[in-house]
Amino acid sequence: MLADGRFIPHEHDTTGTVQVVRAASGRRVLAVKDLDTSNGPDLRVWLTDREVIPGRAGWHVFDDGRDLELGKLKGNQGNQVYAIPESADLSDYRSVTIWCRRFAVSFGAAELAG
């Protein structure tokens with residue numbers, strides 16, 4: 001495991017954890033575990049360089065800096081895995097957000113530590 005974090009709610013109640021993991025193949029992935037959030041339009045999983053701010057003040061900060069989209073959210077509940085591109089420098093990113101592209105708002109976010 002390279003980093004991990006726990007979701008906090010933003011626009012919608014969001015719980016679960018994230019782990020950045022290096023697989024035996026050397027490939028890095030983001031593992032989302034026990035996710036529980038609302039379903040929404042055009043939800044994406046982003047790595048970002050932004051600090052996770054609790055409450056309403058944190059809803060809109062993630063598109064103000066650097067972000068790396070890992071893909072569409074595969075489902076609003078359960079476990080999921082997203083590939084992290086080999087070219088990504090993980091030192092550039094400090095958090096994960098479930099981002100609603102349609103309304104430019106975070107459903108929930110996790111600060112990465114590790």
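**A tour of the aromatic rings**

Begin by selecting lysine 74 and tyrosine 82 in this predicted model: the charged end of lysine 74 sits over the ring of tyrosine 82, at 4.6 Å from the centre of that ring.

Leave that site and turn to the aromatic pairs, of which the structure holds two. For one of them, select tryptophan 46 and tryptophan 99, whose ring centres are 4.9 Å apart and whose planes meet at 20°, an angle under the 30 degrees cut-off, so the pair counts as stacked. If you now colour by secondary structure, you will find tryptophan 46 in strand S4 (residues 43-48) and tryptophan 99 in strand S7 (residues 95-100), so this pair ties together parts that are 53 residues apart in sequence. Tryptophan 46 counts as buried, at 7% relative accessibility, and tryptophan 99 is buried as well, with a relative accessible area of 2%.

Phenylalanine 62 lies in the loop between S4 and strand S5 (67-72), while tryptophan 99 is in strand S7, so here the pair ties together parts that are 37 residues apart in sequence. Is phenylalanine 62 buried or exposed? At 0% relative accessibility, phenylalanine 62 counts as buried.

How values were computed
Residues are numbered from 1 along each chain as its sequence is written. This is a predicted model: local features need pLDDT of at least 70, side-chain atom pairs count only at pLDDT 80 or more; totals for chains, interfaces and linings use all residues. Side-chain values use heavy atoms; hydrogens and water are left out. Rings of Phe, Tyr and Trp (its six-membered ring) pair if their centres lie within 6.5 Å; planes under 30 degrees apart count as stacked, over 60 as edge-to-face and the rest as tilted. Helices (H or I, at least four residues) and strands (E, at least two) are DSSP runs, numbered from the N terminus. Buried means under 20% relative accessible area, exposed over 50%, partly exposed in between (1.4 Å probe, protein chains only). A charge sits over a ring if NZ of Lys or CZ of Arg is within 6 Å of the ring centre and within 35 degrees of the ring normal.
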